[in-house]
Amino acid sequence: MAEKLLEIKNLKQYFNIGKTNEVRAVDDISFDIYKGETLGLVGESGCGKSTTGRSIIRLYDATDGDVFYEGENVHGKKSKQDLKKFNRKMQMIFQDPYASLNQRMKVMDIIAEGIDIHGLAKNQAERKKMVYDLLETVGLNKEHANRYPHEFSGGQRQRLGIARALAVDPDFIIADEPISALDVSIQAQVVNLLKELQVEKGLTFLFIAHDLSMVKYISDRIGVMYFGKLVELAPAEELYNNPLHPYTQSLLSAIPLPDPNYERNRVRKSYDPAVHDYNKADDVRMREISPGHFVQCSEREFESIKAASVSN
Amino acid sequence: MEKILQVKDLELSFNTQGGEVKAIRGVNFDLYKGETLAIVGESGSGKSVTTKSIMRLLPESSAEFKSGEILFGGRDLTKLSDREMQKIRGKEISMIFQDPMTSLNPTMPIGRQLTEPLLKHQKISNSEAKKVAIDLLRLVGMPKPELRMKQYPHQFSGGQRQRIVIAISLACNPKVLIADEPTTALDVTIQAQILELMKDLQKKIDTSIIFITHDLGVVANVADRVAVMYGGKIVEIGTVDEIFYNPQHPYTWGLLSSMPSLDTEDAKLYAIPGTPPDLLDPPKGDAFALRSEYALKIDMEQNPPFFKVSDTHSAATWLLHPDAPQVEPPLTVIERMKKFPGSRYYEGGAV
């Protein structure tokens with residue numbers, strides 16, 4: 001197995017703790033991210049997938065649990081310097097390319113902000129050159145550096161967001177629904193760009209999205225979240241061909257595909273959490289069914305899934 | 001089949017400070033009784049403007065009908081007075097919008113929003129309207145409708161709100177229902193429920209639906225026929241099978257191959273290069289030519305007319321001209337064509 005880049009252990013993110021409206025947005029989830037892979041995270045809105053990404057990168061202070069980056073704990077108390085070092089390695093691309101770029105800054109300064117903070121350029125000329133190179137990397141050109149964000153289309157803005165993330169030469173990028181706000185024809189452009197960059201720079205991605213066909217296309221492994229919990233985690237191909245958790249099955253059966261014949265014969269499954277019929281004594285946790293394929297289940301369910309997969 | 005609505009040579013412009021934006025540049029289509037016509041295209045292609053012009057919801061200060069007509073029940077909707085239009089809107093033609101939060105009034109209980117069109121368009125008493133409203137809520141699958149009548153929109157989930165919007169739009173048994181991206185703001189599981197509900201209701205009340213979306217999966221699910229729009233024009237129109245299994249326009253090819261299907265291999269996704277045309281100054285020839293690798297010389301100069309592929313299928317591309325060179329569509333499109341009897345790649349077997 002490849003080297004672990006990130007280990008997320010029992011991560012919890014609660015809001016309004018102790019009040020009546022306490023929300024357990026992320027409720028005790030654990031997973032690893034390997035070097036050079038793309039891990040997709042899917043689920044319905046409100047399932048905690050974005051919160052997971054934001055907690056990992058410390059946009060929120062996690063309620064409990066640990067995140068290890070190359071074996072080093074990134075949560076908990078840190079000196080400013082340590083944080084800076086860590087921030088350089090981990091970057092984020094946001095969903096809304098309109099809201100995530102400062103309207104009053106020129107592209108040059110937006111992209112160079114990270115370079116300035118980390119002192120990566122020795123002088124103005126080098127700073128300029130770095131920005132020009134980044135613009136070229138994401139398929140824009142240097143003339144764009146002197147413009148403001150409003151002069152760009154949605155797809156171009158998302159490219160700026162990517163250039164900004166790349167400016168500090170990170171190893172790991174969290175992409176939170178980076179294509180949801182874009183048109184179909186532009187989505188493909190951005191996804192192709194992300195894939196190219198991954199090969200070129202050896203990046204690792206956490207790709208958060210609700211468009212399952214795009215997630216399958218870009219991801220090596222996929223995690224499915226439901227109400228703050230990770231319910232299934234498997235290699236992309238395996239998850240689609242052999243979904244084991246009833247929620248994953250229901251989610252997959254709901255995706256409309258651009259194929260009228262398939263649509264005419266589609267049978268949709270709905271998910272009712274009551275099917276599990278867990279009682280208090282049940283030890284419900286992630287269990288490995290086949291190598292790399294984890295499902296949240298009780299001991300009883302584990303046995304029956306095992307039995308079913310043997311008989312197949 | 002009976003034609004419910006006919007749009008003929010419709011041209012519409014917006015007068016803006018920057019000049020005249022030619023948002024719709026000659027759109028023709030018919031809507032038949034009981035069918036679902038899907039209009040697909042990217043933002044700015046004119047799909048929403050087309051339907052808003054049918055409903056006459058565009059600001060009269062800036063939107064201007066240049067030519068053409070919209071025939072409904074023997075009348076041209078572009079020529080009706082506001083008063084006459086009010087009698088049609090919400091009664092004979094109604095609309096479902098994308099965002100169920102902004103299309104409901106947050107300060108009014110949903111019961112009153114449901115009875116509003118009934119009291120406006122039908123001569124019935126308050127208590128009768130209430131009964132009809134409760135039936136409507138039941139029809140769209142809302143549990144405990146009597147209790148929920150008194151509640152406000154914020155007390156419902158997104159999917160429930162969209163059900164309420166659908167109930168309101170169906171209150172007067174409209175002949176035409178226009179659904180503008182009704183499921184785009186919803187999660188896939190909720191989207192599937194709403195689509196099933198709409199298909200179900202359509203069978204029950206035999207209404208015609210114009211369904212606007214950019215999600216080709218949704219189109220494959222709901223549509224009987226599909227119109228593909230680009231740069232203010234329809235570039236291809238046909239039955240759902242013809243568009244998905246025997247597409248002819250390079251833009252349709254691009255759309256179909258830029259979406260990964262669940263069995264797309266690791267190959268690179270096809271991305272349509274460039275951006276949509278600027279309709280302030282629309283290109284002279286085929287608006288898609290600048291982004292198309294299949295563009296011919298004539299595409300830059302002359303706008304292609306519609307070429308007939310079958311009785312139900314036509315496309316506006318010079319590639320269908322008898323003198324045009326034969327080109328190979330993208331691989332993913334050829335894969336689709338293999339399933340379609342009548343296409344030149346057909347490999348046998350039923351569709």
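Within strand 7 of chain B, Leu177(B) is the bridge partner of Ser94(B). This is a predicted model, in which local features need pLDDT of at least 70 and side-chain atom pairs count only at pLDDT 80 or more, while totals for chains, interfaces and linings use all residues. Residues are numbered from 1 along each chain as its sequence is written, and chains are lettered from A and ligands numbered from 1 in the order in which they are written.

**Chain B overall**

- Chain B holds twelve helices and twelve strands, where helices (H or I, at least four residues) and strands (E, at least two) are DSSP runs numbered from the N terminus.
- Of the 351 residues in chain B, 47% are buried, where a residue is buried if 20 or more other C-beta atoms lie within 10 Å of its own, exposed if 12 or fewer, and partly exposed in between, with C-beta atoms placed from the backbone.

**The sheet of chain B**

- Strand 6 of chain B pairs in the parallel sense with strand 7 (residues 176-180) of chain B over four bridges.
- From strand 6 (residues 93-96) of chain B, Ile93(B) and Met95(B) point one way, whereas Ser94(B) and Ile96(B) point the other way, and all are buried.
- Strand 3 (residues 36-40) and strand 9 (residues 225-230) of chain B run parallel and are joined by four bridges, with Val226(B) in strand 9 of chain B as the bridge partner of Ala38(B).

**Contact between the chains**

- Chain B gives 32 residues to the contact and chain A gives 28 residues, two residues being in contact if their C-beta atoms, placed from the backbone, lie within 7 Å.
- On the side of chain B that touches chain A, the largest share, five residues, comes from helix 8 of chain B.
- By class, that side of chain B has 17 nonpolar, ten polar and five charged residues; Ala, Val, Leu, Ile, Met, Phe, Trp, Tyr, Cys and Pro count as nonpolar, Asp, Glu, Lys and Arg as charged, and the others, Gly among them, as polar.

**Helix 1 of chain A**

- Seven of the eight residues of helix 1 (residues 49-56) of chain A are buried, among them Lys49(A), Gly53(A) and Ile56(A).
- Arg58(A), which follows helix 1 of chain A, has a positive phi near 70°.

- Most residues other than glycine have a negative phi.
- Asn16(A), although not a glycine, has a positive phi of about 55°; Asn16(A) is found in the loop between strand 1 (4-15) and strand 2 (23-34) of chain A, and is exposed, with 9 other C-beta atoms within 10 Å.
- Asp9(B), likewise a residue other than glycine, has a positive phi near 45°; Asp9(B) has its place in strand 1 (residues 3-16) of chain B and counts as exposed, with 11 C-beta neighbours inside 10 Å.

Definitions and conventions
Two strands pair if DSSP finds at least two bridges between them.
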